[in-house]
Amino acid sequence: MAINFDSALGIHPQALALREKRSEILASNLANADTPDYKARDLDFKSVFQQALAGDGSELKRSQQGHLLSHNNVLGADLLYRNPQQASLDGNTVESHIEQAKYAENAVQYEASLRFINNKFSGLMSAIKGE
């Protein structure tokens with residue numbers, strides 16, 4: 001009997017992939033905190049995750065290889081601009097304290113997804129060994 005990892009691991013691999021992409025976006029915001037006219041980006045994790053679970057297929061299809069992909073699209077979701085609480089004179093919308101808090105929150109949730117996956121694999125290993 002084969003193990004179906006999609007059903008065994010549940011939603012956690014998709015959550016892990018989304019958390020990884022969000023981490024890259026938030027890190028990019030932090031790296032560009034001093035870049036004039038840089039606009040902070042983020043994605044709405046909840047809506048993107050629901051689309052991924054539903055298999056919405058909202059991503060545009062390319063009919064030919066020469067067609068360009070959207071650069072504002074991450075895993076089927078558009079990147080959103082963050083509205084700053086305090087506008088900067090140079091047009092930069094990155095607020096380091098907010099980005100750091102969002103990055104830390106995302107890191108904790110990423111680790112939680114890793115732990116869930118680890119627990120699922122431990123359970124599978126116990127079942128395989130017959131423990």
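**Briefing: core and helix contacts**

Leaving aside neighbours within four places in sequence, F49 is in contact (heavy atoms within 4.5 Å) with I11, Q14, A15 and L18. The model is predicted: local features need pLDDT of at least 70, side-chain atom pairs count only at pLDDT 80 or more, and totals for chains, interfaces and linings use all residues. Residues are numbered from 1 along each chain as its sequence is written, and side-chain values use heavy atoms, with hydrogens and water left out.

**Nonpolar core**
- Eight residues form the largest nonpolar core: A15, L18, I25, L43, F45, V48, F49 and L79.
- Such a core is a set of buried Ala, Val, Leu, Ile, Met, Phe, Trp, Tyr and Cys residues joined through side-chain atoms within 4.5 Å.
- Buried means under 20% relative accessible area, exposed over 50%, and partly exposed in between (1.4 Å probe, protein chains only).

**N106**
- N106 sits in helix α4, residues 96-129; helices are DSSP runs (H or I, at least four residues) and strands likewise (E, at least two), numbered from the N terminus.
- N106 counts as buried because its relative accessibility is 1%.
- Beyond residues up to four places away in sequence, N106 touches R19, R22, S23 and L26.

**N32**
- N32 lies in the loop between α2 and β1 (41-42).
- Its relative accessible area is 21%, so N32 is partly exposed.
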